[in-house]
Amino acid sequence: MSWRTSFDISRNSGESLTTQIQRVLKREITEGVLHPGTSLPPSRRLADDLDVSRSVVVEAYGQLIAEGYLEAVQGSGTRVARHLSTTPETVVPTLLNEGRVPSVRWDLRTGRANLSHFPYREWLAGYQRVLQTARQSDLDYPPLSGTPALREELARHLGRVRGVRTTPGQVMVVSGFAHGLGLLCAALPELRIDVLAMEEPGLLRQREFVREAGLRTRAVPVDDEGIDVEALARSGARAVLVTPFHQFPTGVTMSDERRAALARWARDVDGYVIEDDYDGDFWFDRRARPLALQRHAPERVVYAGTTSKSLVPGLRLGWLAVPGDLLSPLERARSRRDLGSDSLTQLAFAELLGSGSYDRHMRRLRARYRLRRETLADAVQHSLPQARISGAAAGLHAYLRLPHGTDEAELVAAALDRSVLVRSGREFSSRPTGARPALVVGYTSLPRSGLAEALRQLGAAYTDVSGRAPTAARIA
Ligand SMILES: Cc1ncc(COP(=O)(O)O)c(C=O)c1O
């Protein structure tokens, strides 16, 4: 391994040779020049380079090991300690999180698939098959809207499982919904739409994202039937982003009447609805599973799906089923921004869809999440009886309404003291709404026993802040 010698060793300084070597190494490590894990030259070689005796270097290394700057690795010499982080890690906030989060035992944040359920074997088989059968042209830049094989599979799949009315030519493969939303924000102004209405409560970071993409936003309230279409009409917007299957975060499923009203509104204002079907694969309710809103007005609704919940977010794979009028503006917007999504991932996913292994994976996953959802419902009843789960039994999170007067912020802080990380309903509202206090609980990333224990701790945290034993009767 080559090594740059930048030691400025002087025999005339008052400092011993060992101390000088130590000082230089410490400086290079703390200033981030020598990174954690960097191997140092063998003591004999450095001693030769510096023209000092080997014992001087051995002693310097030994001292730095004792101080934790270096570590000796059996069989491979000495290196800069891996645990040292010389530059602070910057955690950039994203659409879904606020950057650095405390490390806790029970993480009940939303938006997380259980990463351990990724179907490694099926994905590997799909990927292997793609590599065995891919033509050279498959390795070129992919068509901007996606590889034909995946667009065909998706059109079939979406029609079959979500009732989406589309054609392969109207499907655009994107790198996750966030990417698709960015493209839509760039395309809508071509249709003289520069305001996007968004649900309140909702993902506040998503609103910032939309504003940073150049659109203005309007917050429109959600009630027990979904977005308030009359308020939407008053907002003056001609485009709206909704989560009709399982509203984020309240869990409300949009009623049939609201769906019809929303489709009418879109036609009346010559506008568009973006349907974010982020967790539409997961329905555990006794009621019939609602199909996509898009089927009521395919010429007005952009249907959006993602593999972030059904597989893992790391794939960065999603899709839009686009009304004909929006297709060209969307493709033009995309042509100015990127060169398409990873074609091998697209082909592998097409393989999974076509072979039926995605369906089988989804059946297994739904069964697992159904059990977790039941565990959560039991645990709420048992450990936090003051709370009511609102909305449909669907998706990967639940919205827990709490008695009036509960201080959400205090409860979240008390939960954190007990090593439970959970979000309050307030964190998804841009203004005080007078809505009942709530917690938003993601239930997929913990094992069932962990979930039960997390709820026990939450119940205890509730007792801590309310200072009195709970009674279910206090809830209105
Ligand atoms: C409301 C909502 N929409 C969409 C997504 C998925 O976004 P992406 O496909 O970019 O991962 C998430 C992810 O958790 C979400 O919570």
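**Exercise 1. Determine how helices H12 and H14 of this predicted model are oriented relative to each other, and describe their contact.**

Solution. H12 and H14 are roughly parallel to each other. The steps are as follows.

Step 1: Take the two axes, H12 covering residues 357–383 and H14 covering residues 448–466; they come within 9 Å and cross at roughly 25°.

Step 2: Compare the angle with the cut-off. Angles under 35 degrees count as roughly parallel, and the pair H12 and H14 therefore falls in that class.

Step 3: Assign the hand. The crossing of H12 and H14 is right-handed.

Step 4: List the residues that meet. H12 contributes Leu 371, Arg 372, Thr 375, Leu 376, Ala 379, Val 380 and Ser 383. From H14 come Arg 448, Leu 451, Ala 452, Leu 455, Arg 456 and Gly 459.

Step 5: The contact of H12 with H14 holds seven nonpolar, three polar and three charged residues.

Step 6: Consider the spacing. An α-helix has 3.6 residues a turn, so residues three or four places apart point the same way.

**Exercise 2. Check the length of H14 and find what its buried residues pack against.**

Solution. 

Step 1: With 1.5 Å a residue, the 19 residues of H14 should span 27 Å. The end C-alpha atoms of H14 are 27 Å apart, so the two values agree.

Step 2: Identify the buried residues, using under 20% relative accessible area as the cut-off. In H14 these are Gly 450, Leu 451, Ala 452, Ala 454, Leu 455, Gln 457, Leu 458, Gly 459, Ala 461, Tyr 462 and Ser 466.

Step 3: Find their partners. The buried residues of H14 pack against H12, helix H13 (408–417) and the strands E3 (106–107), E14 (420–421) and E16 (438–442).

Step 4: Look past the end of the helix. Gly 467 follows H14 and has a positive phi, near 65°.

Note on methods:
Residues numbered from 1 in each chain as written. Predicted model: local features only at pLDDT ≥ 70, side-chain atom pairs only at ≥ 80, totals over all residues. Heavy atoms only, no water. Axes fitted to C-alpha atoms, helices over the stretch in contact; angles between N-to-C directions. Helix = DSSP H or I, 4+ residues; strand = E, 2+ residues; numbered from the N terminus. Parallel < 35°, antiparallel > 145°, perpendicular 65-115°, else oblique. Left-handed = near helix turned anticlockwise from the far one by under 90°. Contact = heavy atoms within 4.5 Å. Nonpolar A, V, L, I, M, F, W, Y, C, P; charged D, E, K, R; others polar. Expected span 1.5 Å × (residues − 1). Buried < 20%, exposed > 50% of the residue type's maximum accessible area, 1.4 Å probe, protein only.
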